[in-house]
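Subject: Structure handover

Hello,

Here is the structure I promised you. Please open it first, then read my notes below.

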Amino acid sequence: MKRHHVRQCGLLVTSLLVATSSAWIGCSNETAGPIVEQKTAVEHGEVIYNDSSIAGTELNTYSCATCHGETTPDGPIKMGGSLAGATKRTSYWAGQEVDLLRAVNACLYYFMLKDKAWTADDEEARALYAYLEFISQDAPGDALPFTVVTDIVDLPPGDKTRGQKAYQRACATCHGAAHTGAMRLVERAPILPEQTLSEHPLGEYTADERRLVFVEKVRYGAFISYTGQMPPFSLEHLSDDDMADILEYLDLYNVTSK
Ligand code: HEC
Ligand code: HEC
C-alpha cells in the first residue's frame with residue numbers, strides 16, 4: 001500500500017470496466033408494467049441493494065448502500081451518489097460508460113471484489129434493476145457530475161473542528177475512529193493516520209510527501225497509481241477545503257508513528 005510514483009495518466013477509469021459483461025438490454029421492456037406487479041422484484045432488489053453477501057466473498061463488507069444514496073448534511077457522505085434516476089441516465093462514471101449494467105458491474109468488481117460479473121439474465125441483476133427503476137420514477141435522469149482530481153497538490157492549512165466532522169462523515173464508516181480504528185467496517189482499511197504514516201516512514205518520505213499520500217489516496221481510491229477497495233472521492237462529494245480540514249484533524253505533522 002506504499003505510495004507509488006504518480007504516473008502520468010488522463011482519466012480515472014482508463015482500465016476500468018474491462019471485466020464487465022454485455023449490456024443490460026431488455027430489462028426495461030421485461031420489467032415494464034404497473035409498479036404494483038413488480039412489487040416482489042422491487043422488494044427483492046432493495047434487499048440486494050443493502051446486502052454485502054451478493055459479492056460472494058467474505059473479503060467484502062460493503063453493500064451498494066455503503067456508498068450510494070442521498071448525502072444529508074450530518075449523515076455519512078455517499079461518495080457514489082444517489083442512484084435515484086440511474087435507469088434514466090444516458091451515461092455513467094463521468095461519461096465513460098453508457099451501459100447501466102456495466103456501470104454496476106464495475107462497482108461489484110472493483111469495490112466489492114465479486115469475481116463474476118452479472119449478466120442481464122441474472123435474477124439478482126433483474127431484481128436490482130426493478131428496484132433502481134422504482135426509485136428512479138420521480139427523479140431526474142441527468143448524468144451525475146463526477147470530477148476526479150488527478151493533479152495532486154498539497155493543500156493550505158484547514159480547520160481542525162470542521163475536519164473532525166468531515167472525517168466522521170467521509171472516512172469513519174470504513175476506517176473507524178481516528179487513532180484507534182474503533183468500529184471500522186473494513187479490516188484492511190488502515191487506522192488513520194498512524195498505520196499509514198508508519199508504512200511511509202520519515203527518511204523514506206518527507207513530511208510533505210506523507211501528507212500527499214492522504215490526499216492522493218482519497219482522490220484516486222483504488223485507481224490510477226493505487227489498487228485496493230477504497231472508492232475515490234470526487235470534488236462534488238469532498239471539496240479541497242474538506243480535505244484540508246481532514247488533514248488538519250489528523251494532525252499529521254505531530255502524530256508520532258512507529
Ligand atoms: C465502495 C463504494 C461503492 C460501492 C460498494 C458501490 N459503488 Fe457504485 N459507485 C461508486 C463510486 C465512487 C461511483 C462513481 C460515482 C459516479 O460516477 O458519479 C459509482 C458509480 C456507480 C454507478 C454509476 C453512477 C453514475 O451515474 O455515474 C452505478 C449505476 C453504481 N455505482 C451502482 C452500484 C450498485 C448497484 C452497487 C451495489 C451492487 C454499487 N454501485 C456499489 C462507489 C461504490
Ligand atoms: C468505503 C470504504 C472507505 C472509505 C469511505 C474511506 N476509505 Fe480509505 N481505505 C479503505 C480501504 C479498504 C483501504 C485499504 C487500501 C485499499 O483497499 O484501497 C484504505 C486505505 C486508505 C489509506 C492508505 C493509503 C496507502 O497507500 O497507504 C489512506 C491514507 C486512506 N484510506 C484515507 C482515507 C480518508 C482520509 C478517507 C476519508 C476522506 C477514507 N480513506 C475513506 C476504505 C475506505
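Start with the iron atom of ligand 2: its site is octahedral, with angles of 87 to 179 degrees among its 6 donor atoms. Donors are N, O and S atoms within 2.8 Å of the metal (3.2 Å for Na, K and Ca), and sites may look incomplete because water is not among the atoms. Six donors count as octahedral if opposite donors are over 155 degrees apart and all others between 65 and 115.

The protein donors here are His-175 (NE2) and Met-230 (SD), 2.0 to 2.2 Å from the iron atom of ligand 2. The pair links distant parts of the chain, 55 residues apart. His-175 is in helix α7 (residues 172-175), and Met-230 is in the loop between α9 (207-220) and α10 (240-250). Helices are DSSP runs (H or I, at least four residues), numbered from the N terminus. His-175 counts as buried because its relative accessibility is 10%. Met-230 counts as buried too, at 16%. Buried means under 20% relative accessible area, exposed over 50%, and partly exposed in between (1.4 Å probe, protein chains only).

A word on the basis. This is a predicted model, in which local features need pLDDT of at least 70 and side-chain atom pairs count only at pLDDT 80 or more, while totals for chains, interfaces and linings use all residues. Residues are numbered from 1 along each chain as its sequence is written, chains are lettered from A and ligands numbered from 1 in the order in which they are written, and side-chain values use heavy atoms, leaving out hydrogens and water.

Now the iron atom of ligand 1. His-68 (NE2) and Cys-107 (SG) coordinate it at 2.0 to 2.2 Å. Its 6 donor atoms subtend angles of 86 to 179 degrees, so the arrangement is octahedral. His-68 lies in the loop between α3 (64-67) and α4 (100-110), and Cys-107 in helix α4, so the pair ties together parts that are 39 residues apart in sequence. Both His-68 and Cys-107 are buried.

Next, the largest pocket. Its volume is about 700 Å³. A pocket is an open set of points on a 1 Å grid over the protein atoms alone, where a 1.4 Å probe fits, with protein on both sides within 12 Å along at least five of seven lines; lining residues have an atom within 4 Å of a point. The volume is the space filled by probe spheres set on the points, which are joined across faces, edges and corners. The lining has 40 residues, and His-175, Ala-189, Pro-190, Lys-217 and Met-230 lie nearest the centre. Helix α9 gives the largest share of the lining, 4 residues.

Which residues in the loop between α7 and α8 deserve a look? Pro-193 is one of those found there. The peptide bond from Leu-192 to Pro-193 is cis, with omega near -5 degrees. His-179 has its place in that loop as well. Its phi is near 75 degrees, a positive value in a residue other than glycine. At 40% relative accessibility, His-179 counts as partly exposed. Met-183 is also found in the loop between α7 and α8. Phi of Met-183 is near 70 degrees, again positive in a residue other than glycine. Met-183 is exposed, at 79% relative accessible area.

Best wishes

Terms used:
Four donors count as tetrahedral if all angles lie between 85 and 135 degrees; four count as square planar and six as octahedral if opposite donors are over 155 degrees apart and all others between 65 and 115; anything else is irregular. Helices (H or I, at least four residues) and strands (E, at least two) are DSSP runs, numbered from the N terminus.
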